[in-house]
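Here is a short tour for anyone who likes strands and charged pairs. Keep the viewer open and follow along.

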Amino acid sequence: MIKKILLKIISSVIFISTAIEISGQISLAILKPEDQNERELYIKGFIQADFMTSFQNMKSKDGFSAYSIEIPQTDAISSNFSVRQTTLGIGFKQKNSKNNQTLSVYTEIDFAGPNNTIAPRFRHGYIQWNRWLAGQAWSNFSDIEILPMIFDFMPPDGLLLTRRIQLRYTAPISKKGNLSFSLEDPNTPSIRIPSDSLNWKKQPIIPTFSVLYRYGNEKEYIKAGAVISPMSYQMKYTLQDEYKTKTIVGWGAMISGKLRADAKIFLAFKLLLEKAFQPTTPI
């Protein structure tokens, strides 16, 4: 009986995932005429092939996702091969060495199409001029850097990862710190209303506002941010009434970071443990 219970628990949590990834960036052309700005055309991205086996039914086919586990369970084993997480992007960059100005244009697709297909899907597309960014990119309130990107794109529960049309301004305020502000599309995600409802209508009006502070370098950093999202909708109590627009304000805050665990950290931790468990000499 105990053996069956243990096997039941193990089969409920086991999820096997294997991934092969090749990434890089290739310059297609670099032009630098005399007394003119340097221009570069490049492509970048990565090709990723995934093989996943699940011992329980999950709606998610691209990685382990706790909220997609079907209840009740049926103890069904299933496998999935995918290249949906592969991304390809093309960009153009112009640098002005005299006044340190940069103009860049970038667009990117992946193959995570609807209904678990590998149809191309638009991911990013924006224009960046110095500190300004306009177009669709990761939300200023999202922290894409915190994901290890080892097996899949599935983040921890509660982590907000959205790509939004936005206008963003980023200003360096110290050697390692910068502050960014953004106005983002209120229609994503805004507020969800049942599609069969006759008395409610989605009515995005006021853009979402976010602010984020980042301190650190590429390997180690800490982030703190806040978001204010006014959510507008129209409603009426009877079919004969006219719709009235109402707005409620949603808000959120986040703190995230990344610490590189190198040999020095492990050595310091080892010395700390040795000191903590060192036997004391009796008096």
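The report below covers model confidence, strand pairing, one glutamine and the salt bridges.

## Confidence

Please keep in mind that this is a predicted model. Across the protein chain the average pLDDT is 78, and 75% of the residues reach at least 70. Take care with residues 5–15, where pLDDT stays under 50. For that stretch the model has 13 contacts beyond four places in sequence.

Let's start with strand β8 (residues 163–172), which runs antiparallel to strand β7 (residues 132–138) and is joined to it by 7 bridges.

## A glutamine in β7

Gln136 lies in strand β7. Is this residue, Gln136, buried or exposed? Gln136 counts as buried because its relative accessible area is 17%, below the 20% cut-off.

A polar atom of the Gln136 side chain lies 2.8 Å from the backbone oxygen of Arg123. Leaving aside residues up to four places away in sequence, Gln136 touches a set of residues including Phe122, Arg123, His124, Gly125 and Tyr126, and also Arg163, Arg164 and Ile165.

## Salt bridges

The whole structure holds 7 salt bridges. One of them pairs the side chains of Asp110 and Arg123, at 3.4 Å from N to O. Asp110 belongs to strand β5 (residues 101–110) and Arg123 to strand β6 (residues 121–129), so this pair ties together parts 13 residues apart in sequence. Both Asp110 and Arg123 are buried.

Next, Lys223 forms a salt bridge with Asp143, with 3.1 Å between the closest N and O atoms. This pair links distant parts of the chain, 80 residues apart: Lys223 is in strand β12 (residues 221–235), while Asp143 is in the loop between β7 and β8. Lys223 and Asp143 are both buried.

Glu145 forms a salt bridge with Arg214, where the closest N and O atoms are 2.9 Å apart. Glu145 sits in the loop between β7 and β8 and Arg214 in strand β11 (residues 208–216), so the pair ties together parts that are 69 residues apart in sequence. Glu145 is partly exposed, with a relative accessible area of 27%, whereas Arg214 is buried at 13%. Finally, salt bridges with shared partners join Glu108, Asp110, Arg121 and Arg123 into one network.

Terms used
Residues numbered from 1 in each chain as written. Heavy atoms only, no water. Pairing = 2+ DSSP bridges. Helix = DSSP H or I, 4+ residues; strand = E, 2+ residues; numbered from the N terminus. pLDDT = per-residue confidence, 0-100. Contact = heavy atoms within 4.5 Å. Buried < 20%, exposed > 50% of the residue type's maximum accessible area, 1.4 Å probe, protein only. Polar contact = N/O pair within 3.5 Å; in protein donor to acceptor, adjacent residues only side chain to side chain. Salt bridge = Lys/Arg side-chain N within 4 Å of Asp/Glu carboxyl O.
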